[in-house]
Amino acid sequence: MSQNKVGLKRVLSQGDLIFFGIAAIVGAGSFSSIGVACYQGGLGVVFLFLFCAVASILSALCYATFAARYPVSGSAYTYAYASMGKTMGWIVGWLLILEYSLANVYVTFAWSDYLTTSLHTIGIHIPLYLSTSYWDGYDAFVNNNVTTEDYRAWLVAPHVWHFKLLVDLPAIFINILVSCMAYIGIYTSKRINNGMVLIKLFILFLVVVVGVTLVKAKNLFTWLPNGFSGIMGSVSAVFFTYIGFDAISTLAEDAKNPKRDVPRSMIWSLVISTAIYIIVAMVLIGIVGYRQLDVADPLTFVFIPQGFTFFIVLIGITALIAMTSALLAFQISQPRVWFSMGRDGLLPDKFATIHPRYQTPSFATWITFVLISIFIICTGKQLMLDFTSLGTIVVFIIICLGVLIMDHKKMLPKQANTFTIPHIHGKWMIPLFLAIVICIQYANPLYFKELLYLDNNVPGHQSDILFHSVTNKITTLIFWIIFVVTVLVGTITNQSLIPLLGIITSLYLLTGMELRNWLLFLSWILIGLIFYYYYGYRKKTIVQQQA
């Protein structure tokens, strides 16, 4: 049998898929990046969580529409290929490396932070230079962040030839462990994942129950401590917490009933995870206030002043379990995207290899391991956080656009027992647009005026409160132009409202990204297009579209 006709083993139920989604979403987000988000946005970050949830649900509905008609591995890559052709399919597949592989890099760093903190609590110390990435150490040294552990790690690190020896060994260790679990089979991974999800949900419940008794009322009134710009400055950290729901769609070929279960699982996992994030964020801020939450391990940090040593160790262990389940979810997803691309001819045929015993994409799994290992050695936490979020938001926009294209081409006919987005006339964008403009003008009459000032340091202006950088202003201005065009086009051509809203909400999240992130993103796209031209474009595509 040729490799492109080989399928994966269907063993996952709807419950398994929901647990898989929760594992991917409630991982490093709830145990690590949520602290940075609360620090930057204060209690107002709750609104950003809700906004990101709305954007994700709108995108999830578009994912669900595709997943019900293309129940195969590949996720957004397959959907973009089906709706917009080979080139866009390749671009999305290339961007999914950011979402799955590079997201795992950040999670491995967070896992390492929790491990070293937990071991430190019981008197075991890992040398700083063996638990810090080279990038983070160098960045802390260059920026003179003398109070950080990264800075101290750079100072104490020994020299090897002309380089400082800094490497995050715990991050590399967990990458090896999770890669082995992903390699041995989805059935075994499913049972391990479900167990880890149950454990972390129970501990998060305990954190909330115990934390509520420690909440100080005065900490719950800091809604916008850093202004609106503070909230938008935490977009990367907040949106990162939602990365993962679409990983469910990569398991379409592993699901027993993908047309029914994949769409439902994405929505349920998002709803459950959003509720968890909002509750945990409010409890964390209520305990210590937003100013102290700029830490990598917020769930243990807030209980240190209370002297709850046993509880701190228990949370640390649970955080390791939670992030391991998230790592496993992404480590399973990335190889399946490459498996589909190899089967379609956009990557070498070796990527479509199925292990004869474990029925997993074995070669793609090990390539994922190698790629993540390289980035663990060569990059750092904040870089991966921003880079991953930007790439994922762009993928969401492309998927929503794909639904509009398929709908325009009449390629999304209603099928029995198959999820379909209800078609709501795009004319409803007009009252929505007017309502948003009126609310903004009422809340801050200077908003649109300040948007036109490119200098954030003009005396007497509120630019630094409303917009955290010039890049933020420029991207916001572009957003409003696209918003107006979308309203007009959607109304005149009777486009479907839900994917239009998915595009607009995701575009707005992009306004929180900094110039460095955009430059890295464009460089990544350029590298991908060069590779595509020299391999994927020139090779004959073998694809069988499934209705």
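## A walk through a predicted helical model

Alanine 76 is found in helix H4, which covers residues 76–84; helices (H or I, at least four residues) and strands (E, at least two) are DSSP runs, numbered from the N terminus. This is a predicted model, in which local features need pLDDT of at least 70, side-chain atom pairs count only at pLDDT 80 or more, and totals for chains, interfaces and linings use all residues. Residues are numbered from 1 along each chain as its sequence is written, and side-chain values use heavy atoms, with hydrogens and water left out.

Let's stay with alanine 76 for a moment. Alanine 76 counts as buried because its relative accessibility is 0%; buried means under 20% relative accessible area, exposed over 50%, and partly exposed in between (1.4 Å probe, protein chains only). Leaving aside neighbours within four places in sequence, alanine 76 is in contact (heavy atoms within 4.5 Å) with Tyr63, Val92, Leu96, Val395 and Ile399. Glycine 89 lies 13 residues from alanine 76 in sequence, and their C-alpha atoms are 8.1 Å apart in space.

Now for the whole protein. Its secondary structure comes to 22 helices and two strands. Of the 547 residues, 59% are buried. Among contacts between residues at least 6 apart in sequence, 83% join residues at least 24 apart. The protein exposes about 22,200 Å², and carbon and sulfur atoms supply 69% of that area; accessible areas come from the Shrake-Rupley method with a 1.4 Å probe, and for residues only the protein chains shown count as cover.

For leucine 95, the contacts beyond four places in sequence are Gly391, Val394, Val395, Ile398, Phe521, Trp524 and Ile525.

Serine 59 is another residue to look at, placed in helix H3 (residues 45–69). Serine 59 counts as buried because its relative accessibility is 0%. Not counting residues up to four places away in sequence, serine 59 touches Phe245, Phe396, Cys400 and Ser506.

Helix H1 (residues 14–25) is mostly covered, with nine of its twelve residues buried. Among them are Asp16, Leu17 and Phe20. From first C-alpha to last, H1 reaches 17 Å, close to the 16 Å expected at 1.5 Å a residue; the expected span is 1.5 Å times one less than the number of residues.

| Residue | Relative accessibility |
|---|---|
| Serine 59 | 0% |
| Alanine 76 | 0% |
| Asparagine 494 | 33% |

Asparagine 494 sits in the loop between helix H20 (470–492) and helix H21 (497–510). Asparagine 494 has a positive phi of about 55 degrees although it is not a glycine.

Finally, the surface. Tyr138, Phe141, Val142, Leu155 and Val156 form a nonpolar patch with about 480 Å² of accessible area together. The elements that give two or more residues to this patch are helix H6 (134–142) and helix H7 (149–156). H6 gives the most, with three residues, while valine 156 is found in H7. Patches are made of residues with over 30% relative accessible area and no salt bridge, with like charges joined within 9 Å and nonpolar side chains (Val, Leu, Ile, Met, Phe, Trp, Tyr) within 5 Å; a salt bridge is a side-chain nitrogen of Lys or Arg within 4 Å of a carboxyl oxygen of Asp or Glu.
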